[in-house]
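Try each task yourself before you look at the solution.

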Amino acid sequence: MSQRIRKAVFPVAGLGTRFLPATKAMPKEMLTVVDRPVIQYAVDEARAAGIEHFIFVTGRNKGVIEDHFDVQVELEATLRERGKFDILNELQKDLPPAGSSSFTRQQSPLGLGHAVWCARELVGNEPFALLLPDMVMKAAVPCLASMSSLYERTGGNILSVEQCAPEMTHRYGIVGVGEDVPDGEGSAFQISQMVEKPEPDVAPSNLFINGRYILQPEIFDILSRQKAGAGGEIQITDAMVELMQTQSFFGQEFHGQTFDCGSKIGFLAANVAFALEREDIEGDFRAELEMILGL
């Protein structure tokens, strides 16, 4: 039986330069999609999958993320005094249980692989989930929960994937498709190869890794000696390619919408999509959109 996934790693050390000047003094992970920070969506997804320990790999000027996942005593007291118990209950519901969050620093921006390696002591010798907070998911079944169900049957390493336009493969880590794996939805398979940002004419498929991973702890030893790859950074894909020599990797195609909130277009699209699902604002917001678009 596979060891249960208890821990999740959230790399949040990036500078957010694509959102300057908004991110000059505020982490990009705290930008809001409607009224919830981007990082909260990833944490909610992890909790829905049964994650018990939340590990944040931070950098300088990211203290507000730690504050967000802490009790705000004065704020809660004010809400009680004013009888705003619905808001208070919502804030308390979002908090991870006491002692279940850990924070460590990535002192130098050496890439995603290096950020994951920085969490090694907190993860220890057990499998873990890795969620890239920039990628905000919307689906009937949360992405990581679906991956965890597959993991219980297969073990090994699990990557969530989805299709991109064939001409866009050079922007992503792309996987090769091996034998199908029964998962109840007909969308899981053994991964035959992985290539970081291949040109379209050499890409093994148009399925890209969309920011959700379940990885075995042996990845840390590989990352400890990993050399810089694409972009001059330590790439998690390169480490996974080496790990594939001794361990199985499985891909699961994600059934839902993914919004890349690390880009302005993806961030704006996420705000529209999630706002249109909110019963409290959907009607008025839709009317404003139609007026702006002249519909």
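**Exercise 1. Which residues is Ile5 in contact with, leaving aside its neighbours within four places in sequence?**

Solution. Step 1: contact means heavy atoms within 4.5 Å. Step 2: with neighbours within four places in sequence left aside, Ile5 is in contact with Gly50, Ile51, Pro127, Phe128, Ala129, Tyr151 and Ile214. Helices (H or I, at least four residues) and strands (E, at least two) are DSSP runs, numbered from the N terminus. Step 4: check accessibility. Buried means under 20% relative accessible area, exposed over 50%, and partly exposed in between (1.4 Å probe, protein chains only). Ile5 has 7% relative accessibility, so Ile5 counts as buried.

A note on the model: it is predicted, local features need pLDDT of at least 70, side-chain atom pairs count only at pLDDT 80 or more, and totals for chains, interfaces and linings use all residues. Residues are numbered from 1 along each chain as its sequence is written, and side-chain values use heavy atoms, with hydrogens and water left out.

**Exercise 2. Is Ile39 buried or exposed, and what is Ile39 in contact with?**

Solution. Step 1: find Ile39 in helix α1 (residues 38–48). Step 2: the relative accessibility is 0%, so Ile39 counts as buried. Step 3: leaving aside neighbours within four places in sequence, the contacts of Ile39 are Phe10, Val12, Glu29, Met30, Phe56, Phe69 and Pro133. Step 4: take one of these, Glu29. Ile39 and Glu29 are 10 residues apart along the chain, and their C-alpha atoms are separated by 5.2 Å.

**Exercise 3. How do the axes of helix α3 and helix α4 cross, and which residues make the contact?**

Solution. Step 1: two packed helices are described by the angle between their axes and the distance between the axes. Here axes are lines fitted to C-alpha atoms, for helices over the stretch in contact, and angles run from 0 to 180 degrees between N-to-C directions. Step 2: the axes of α3 (residues 73–81) and α4 (residues 85–94) come within 8 Å and cross at roughly 150°. Step 3: name the arrangement. Angles under 35 degrees count as roughly parallel, over 145 as roughly antiparallel, 65 to 115 as roughly perpendicular and the rest as oblique. The two helices, α3 and α4, are therefore roughly antiparallel to each other. Step 4: Leu75, Glu76, Leu79 and Arg80 of α3 make the contact with Phe85, Ile87, Leu88, Leu91 and Gln92 of α4. Step 5: sorted by class, the contact of α3 with α4 has 6 nonpolar, 1 polar and 2 charged residues. For these classes, Ala, Val, Leu, Ile, Met, Phe, Trp, Tyr, Cys and Pro count as nonpolar, Asp, Glu, Lys and Arg as charged, and the others, Gly among them, as polar.

**Exercise 4. How far does helix α7 reach from its first C-alpha to its last?**

Solution. Step 1: α7 (residues 143–154) has 12 residues. Step 4: look at burial; Cys143, Leu144, Ala145, Ser146, Met147, Ser148, Leu150 and Tyr151 are buried in α7. Step 5: just after α7, Gly155 takes a positive phi of about 65°.

**Exercise 5. What is phi of Asn61 and of Lys197, and what is omega between Leu20 and Pro21?**

Solution. Step 1: most residues other than glycine have a negative phi, and most peptide bonds are trans. Step 2: Asn61 has a positive phi, near 65°. Asn61 lies in the loop between β4 (53–58) and α2 (63–68) and is exposed, with a relative accessible area of 68%. Step 3: Lys197 also has a positive phi, near 55°. Lys197 belongs to the loop between β10 (188–196) and β11 (207–215) and is partly exposed, at 42% relative accessible area. Step 4: Leu20 and Pro21 are joined by a cis peptide bond, with omega about 5°. Pro21 is in the loop between β1 (7–11) and β2 (32–33).

**Exercise 6. How many helices and strands does the protein chain have?**

Solution. Step 1: the protein chain has 11 helices and 13 strands. Step 2: 48% of its 295 residues count as buried.

How values were computed. Expected span 1.5 Å × (residues − 1).
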